There are 2 protein chains.
Amino acid sequence: METVAPFPYRDPSELLRRARLRPTRQRLALARLLFAGGPRHVTAESLFAEAQTANVRLSLATVYNTLHQFTEAGLLREVVVDSSCTYFDTNVSEHHHFFHEDQGVLTDIDGEEVNIHALPAAPEGTKISRVDVIIRLSGQK
Amino acid sequence: METVAPFPYRDPSELLRRARLRPTRQRLALARLLFAGGPRHVTAESLFAEAQTANVRLSLATVYNTLHQFTEAGLLREVVVDSSCTYFDTNVSEHHHFFHEDQGVLTDIDGEEVNIHALPAAPEGTKISRVDVIIRLSGQK
DNA sequence: CGTTTATTTATAATAATTCTAAACTATTGA
DNA sequence: TCAATAGTTTAGAATTATTATAAATAAACG
Ligand SMILES: [Mn+2]
Ligand SMILES: [Mn+2]
Ligand SMILES: [Zn+2]
Ligand SMILES: [Zn+2]
């Protein structure tokens, strides 16, 4: 019986090649951390800490550079939920979020679980680049 | 024929009294700027600039203090759309936003124009404190 | 009034992020 | 294989929105 992996694992080198980014030690390590498991949400600081723990030696500046390069390449997307800190999401497909305000944690909501009925038209001369739905939660767990 | 004001004008002194904040020159001036016209969205910097132009002498620290005090009193609400800058909204009733990304401008969407059908349940032990819908726009106007 | 308490503000501190420029590394194509 | 080139990393400085500090000022209250 075949099981479908919970997340399409992408070979880090392949991924960097496609993004036209040189496969440096730092980028490979970050790609592994980001994409080897299931979908996740990180901040520059959280990913940096994780790299340290995994004994990957790199600078925080490289983490920022890489997160932005990956975002530009469409491998990540930014989620704005907190004005003091930028979150990056490895799930780039259309979906919305719970934001656990007490813990500063983002979790995904399945695409079908939020249904926006009656979206207003974009004003003259503009086009909708994205619709973000953030359900802010308070309380434990 | 009576016309309904587009926004319930609130007497600044009355407003401060109800919020249990002393009616200082600075707060009165900011309350006037914020609530005398129609609903609006400001940043600390934009409101500070406006005060300067109106020859109200106050410090930027007072603008920040006042925006937070007004928010705590329920006269304003924060809107998170841009990780580099905090927006405050004089419209505290339930509604959603267009965010004009090129200009950094927020505009209101009427409550009825967005209809979320099928909102997921809050995870165990949490409660929904707010649902934010941001329609991000690119392009002129 | 005079005393108490809240407010304002200049200024310093903080913190996330970006910038700079020098050192390092991957790629390329003779 | 190797030098030249172009891209990458990084320490450290700079930036920027925001918050903290603490002294001066103003409002409230009896
Ligand atoms: Mn952070
Ligand atoms: Mn701002
Ligand atoms: Zn997500
Ligand atoms: Zn609004």
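This report walks through some salt bridges and one zinc site in a predicted model.

First, some housekeeping. Residues are numbered from 1 along each chain as its sequence is written, while chains are lettered from A and ligands numbered from 1 in the order in which they are written. Since the model is predicted, local features need pLDDT of at least 70 and side-chain atom pairs count only at pLDDT 80 or more, though totals for chains, interfaces and linings use all residues; side-chain values use heavy atoms, with hydrogens and water left out.

**Salt bridges**

Over all chains, the structure holds 12 salt bridges (a side-chain nitrogen of Lys or Arg within 4 Å of a carboxyl oxygen of Asp or Glu). Here are three of them, with the distance between the N and O atoms:

| Pair | N to O distance |
|---|---|
| R40(A) and E50(A) | 2.8 Å |
| D132(A) and R130(A) | 2.9 Å |
| D132(A) and R136(B) | 2.7 Å |

Take R40(A) and E50(A), which form a salt bridge. R40(A) sits in the loop between α2 (25-35) and β1 (41-43) of chain A and E50(A) in helix α3 (residues 44-53) of chain A, so the pair ties together parts that are 10 residues apart in sequence. (Helices, H or I with at least four residues, and strands, E with at least two, are DSSP runs numbered from the N terminus.) R40(A) is partly exposed at 23% relative accessibility, and E50(A) is partly exposed too, at 24%. As for the wording, buried means under 20% relative accessible area, exposed over 50%, and partly exposed in between (1.4 Å probe, protein chains only).

Now look at D132(A), which pairs up with R136(B) in a salt bridge. This pair crosses between chains, running from strand β7 (residues 127-138) of chain A to strand β7 (residues 127-138) of chain B. Both D132(A) and R136(B) are buried, with D132(A) at a relative accessible area of 7%. D132(A) also bridges to R130(A), and R130(A) is partly exposed at 27%. Elsewhere, E101(A), R136(A), R130(B) and D132(B) are linked in a network of salt bridges.

**The zinc site**

Which residues hold the zinc ion (ligand 4)? H41(B) (NE2), D89(B) (OD), H95(B) (NE2), H97(B) (NE2) and D108(B) (OD) coordinate the zinc ion at 1.9 to 2.2 Å. Along the chain, the donors follow the spacing H-x47-D-x5-H-x1-H-x10-D. Among them, H95(B) in the loop between β3 (87-89) and β4 (96-100) of chain B and D108(B) in strand β5 (residues 105-109) of chain B link distant parts of the chain, 13 residues apart. H95(B) is buried at 4% relative accessible area, whereas D108(B) is partly exposed at 27%. Donors here are N, O and S atoms within 2.8 Å of the metal (3.2 Å for Na, K and Ca); water is not among the atoms, so sites may look incomplete.
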